[in-house]
Amino acid sequence: MAAEGDCASGDRVALAAATEAVAAGWVLELSCCRLCRHFVEGRAAEFRRWRAVAQAVINGFSEIATHQKKMVYLCQLLIRIANGKKLECNFEEDPRISPLESALSYWTLLEREESKFDKLHEDIRRLIQIQVVAVHMEKRYFKEAAEVLERMFTDSESDKPLRVKLATIIKSKDPYIPLLQSFNYDLLISKVKSYVERFMKENEKNFLLQAAMEQVESKGLEAVVLQNITVNASEEEENDLETTQRFTEEQPSTTNQLPEDAAKSRRHSMRKLRARSVLQTLNSLQNVEEVVDSQTSGRRRQPWTLEEDKKLKSGVRKFGVGNWAKILVHGDFNNRTSVMLKDRWRTLSKIKIKLKYQKEDYFEIISISIIAVTILQKRMEKIRK
């Protein structure tokens, strides 16, 4: 009996470990997805937050599964690329290794996971190699640049032309030489973003994102957020328009870099602009609905209820967009016409796009909560032992 009890206990422990590994894999996928998106969009604050989440998840793995390697390598690459110009940042045990040198090692690991290579892969490798030297030269660390060159390049014939060119540049002690200006840091960021966008297209499906989306829709979160926003829309519209125009005029020309210092100063304004854009769009959509409703019915506008919105979405799923007459007959709407259904669907579609960032924040809360629970479970197990 004791042996059977020990066996059952062992099975439960194995099942718990397997379950935890699956959940950690989901969180890894989500954190990699968020990290990639914020890198591409240049959202430095959000990138830093998800960098911490991704790093915590990665550090929690005792062993990285084969199918997770590419995600882990990509996260580590982006973290280092984003800090590429900060030579004081250390990611390796050897303090001489710069962030871009470390990024190059992860790019090599990523290349090994690829089934085929193209020009983009080659461009990114060359740009990292050039910028490793360029960053040192910009800070006038010429001796360190020469040491980096020795560490970075092998004696292979394929590397020889670039190695010779960079050695000549280092000897000239001129950080503004045309080669370094042409293959600059902005171009590196742009190429890496192209690679990340390709990765995101290949990995669109994410369990936690899909689960969160279902939760948002089932709880009617969109309607709640919309209700809160439209309450203040009329009061904010005039000031919002002026602020939006002023913000647009003040923006400098954009680059492909992810500059954390510049992002700090713009972050608050960008969030305000995004929120105000939502307010303006929703307010204008309300005005359109009022005009259409007054023209078609001649009566006072009747607000749409959450129940009606659900019936409309259900009808579109069943009959398809455009079959408004069928949806009207089978939906049991209250004094609505097919034109009203069409206009309301257009409104809901636009609202869904504008609420994208509110949903992203909701997803982040879910994922971070999962991580917190996982860490707490581990600590409780250690205490029990």
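The model is predicted: local features need pLDDT of at least 70, side-chain atom pairs count only at pLDDT 80 or more, and totals for chains, interfaces and linings use all residues. Residues are numbered from 1 along each chain as its sequence is written, and side-chain values use heavy atoms, without hydrogens or water.

Start with the fold. The protein chain has 17 helices and 0 strands. Both are DSSP runs, numbered from the N terminus: helices are H or I with at least four residues, strands are E with at least two. Of its 385 residues, 38% count as buried, meaning under 20% relative accessible area with a 1.4 Å probe, protein chains only. The accessible surface comes to about 22,300 Å², and carbon and sulfur atoms hold 53% of it. That area comes from the Shrake-Rupley method with a 1.4 Å probe.

Now the contacts (heavy atoms within 4.5 Å). Among those in the protein chain with a separation of 6 or more, 72% join residues 24 or more positions apart.

R80 counts as buried because its relative accessibility is 5%. Leaving out residues up to four places away in sequence, R80 touches F91, E92, P99, S102, A103 and Y106.

Finally, step back to Q68, in the loop between α2 (44-60) and α3. Its relative accessibility is 7%, so Q68 is buried. Beyond residues up to four places away in sequence, Q68 touches G25, L28 and F61.

Key
Buried means under 20% relative accessible area, exposed over 50%, partly exposed in between (1.4 Å probe, protein chains only).
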